[in-house]
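Hi,

Here is the structure I promised to pass on to you. Have a look at it first, and then read on for what turned up.

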Amino acid sequence: MSGPYGIHRARVEWIDTDAAGIYHNTTVVRFAEAAEAELMRAYDIPGYFPVAPRVRYEVEFEASIRFGEEVETRVELTRLGRSSMTFGFEVWRGASGDGPRRRAARGSYVTVHVPDKETGGSAPWPAAWRAALGGTGASDLAEPDARTAH
């Protein structure tokens with residue numbers, strides 16, 4: 001991953017698990033959104049979350065994470081469109097007595113800029129946000145050489 005990114009580190013708490021102490025699938029969404037919030041803070045994008053609903057979400061679960069284990073989630077902006085953003089993410093389980101560091105989940109999701117809740121229509125991202133995230137004009141962060149590393 002090499003575009004603008006955010007990282008969230010946490011420990012899996014009991015509330016994050018099912019009755020067997022294994023992380024619940026919704027925990028991945030929460031971890032990804034926490035890393036996304038870190039990205040938006042790092043790039044000084046105020047007011048992003050209330051105007052950026054998710055319109056698509058995809059996750060592949062690869063390994064279990066258990067109560068008490070440490071995790072690291074990284075979210076990267078992979079495409080900056082006119083009114084949408086695509087993010088990729090990975091959730092990693094830390095090394096423990098049960099084995100080495102391992103990727104537990106990976107996926108992607110899309111957000112769309114919807115600044116007017118009344119009309120519900122999409123609109124272009126603010127120019128200042130696009131500039132902060134490495135986008136210019138109507139171009140996208142779609143090619144590796146167009147990305148900005150954090």
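Read along the sequence, the order of elements is β-α-β-β-β-β-α, which gives 2 helices and 5 strands. Please keep in mind that this is a predicted model.

The protein has 150 residues, and 40% of them are buried. Its accessible surface is about 7,800 Å², with 53% of that belonging to carbon and sulfur atoms. Among contacts with a separation of 6 or more, 68% are between residues 24 or more positions apart.

Two residues are worth a visit. Start with serine 84, which sits in strand E4 (residues 84-93). Is serine 84 buried or exposed? Serine 84 has a relative accessible area of 15%, so it counts as buried, the cut-off being under 20%. Leaving aside residues up to four places away in sequence, serine 84 touches Arg79, Val110, Thr111, Val112 and Trp125. With arginine 79 there is also a polar contact, side chain to side chain, at 3.4 Å.

Then move to aspartate 116, in the loop between strand E5 (102-112) and helix H2 (127-132). Aspartate 116 is partly exposed because its relative accessibility is 32%, which falls between the cut-offs of 20% and 50%. Its side chain reaches the backbone nitrogen of glutamate 118 at 2.9 Å. Aspartate 116 also lies 7.9 Å from valine 51, C-alpha to C-alpha, although 65 residues separate the two in sequence.

Enjoy exploring!

Best wishes

Methods. Residues are numbered from 1 along each chain as its sequence is written. This is a predicted model: local features need pLDDT of at least 70, side-chain atom pairs count only at pLDDT 80 or more; totals for chains, interfaces and linings use all residues. Side-chain values use heavy atoms; hydrogens and water are left out. Helices (H or I, at least four residues) and strands (E, at least two) are DSSP runs, numbered from the N terminus. Buried means under 20% relative accessible area, exposed over 50%, partly exposed in between (1.4 Å probe, protein chains only). A polar contact is a pair of N or O atoms within 3.5 Å; within protein, one must be able to donate a hydrogen and the other to accept it, and residues adjacent in sequence count only if both atoms are side-chain atoms. Contact means heavy atoms within 4.5 Å. Accessible areas come from the Shrake-Rupley method with a 1.4 Å probe; for residues, only the protein chains shown count as cover.
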